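Here is a short report on one protein model. Please look over its overall form, then its surface.

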Amino acid sequence: MKQQRRENRNKAIIKVSIFVVFVLGAIFMVRFTPVKSYLTVESLGKFLDAAGFWAPMVFMLVYAGLCWFML
């Protein structure tokens, strides 16, 4: 029984560690790389204009991705 609890705790620690690394990586990417300049309304509008027919699908994918990254 104690072995199973220890394994579950280790799995939880690994999951939390991965989440923390992901969040810190996202923060680093937005703050210290030029990615932030691509995450504006104007740049998204230009990108969607260039997408043409596929603009609605591209918008949905970009929106879902940004929500997933909490931006």
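## Overall form

The radius of gyration is taken over C-alpha atoms, and the globule rule is 2.2 Å times the number of residues to the power 0.38. By that rule, a compact globule of 71 residues would have a radius of gyration near 11 Å. The protein has 19 Å. Its C-alpha atoms fill a box of roughly 60 × 30 × 10 Å along the principal axes.

This is a predicted model. The mean pLDDT of the protein is 86, and 94% of the residues score at least 70.

## Helices

The protein holds four helices and zero strands. From the N terminus, the order is α-α-α-α. Helix H1 (residues 2-32) has the highest mean pLDDT among the elements, 89. Helix H2 (residues 35-38) has the lowest, 81.

## Surface

Of the 71 residues, 7% count as buried. The accessible surface comes to about 6500 Å². Carbon and sulfur atoms account for 72% of that surface.

A nonpolar patch lies on the surface. Its members are Phe 53, Trp 54, Met 57, Phe 59, Met 60, Leu 61 and Tyr 63. Together they have about 870 Å² of accessible area.

Phe 53 sits in the loop between helix H3 (41-51) and helix H4 (55-68). Is Phe 53 buried or exposed? Phe 53 is exposed, because its relative accessible area is 73% and the cut-off for exposed is over 50%. Trp 54 is exposed as well.

The structure contains three aromatic pairs. One of them joins Phe 53 and Trp 54 edge-to-face, at 5.5 Å centre to centre with 85° between the planes.

Key: Residues numbered from 1 in each chain as written. Predicted model: local features only at pLDDT ≥ 70, side-chain atom pairs only at ≥ 80, totals over all residues. Heavy atoms only, no water. Patch = residues over 30% accessible without salt bridge, like charges linked within 9 Å, V, L, I, M, F, W, Y side chains within 5 Å. Areas by Shrake-Rupley, 256 points an atom, 1.4 Å probe, with all protein chains shown as cover. Salt bridge = Lys/Arg side-chain N within 4 Å of Asp/Glu carboxyl O. Helix = DSSP H or I, 4+ residues; strand = E, 2+ residues; numbered from the N terminus. Buried < 20%, exposed > 50% of the residue type's maximum accessible area, 1.4 Å probe, protein only. Phe/Tyr/Trp six-rings, centres within 6.5 Å; stacked < 30°, edge-to-face > 60°. pLDDT = per-residue confidence, 0-100.
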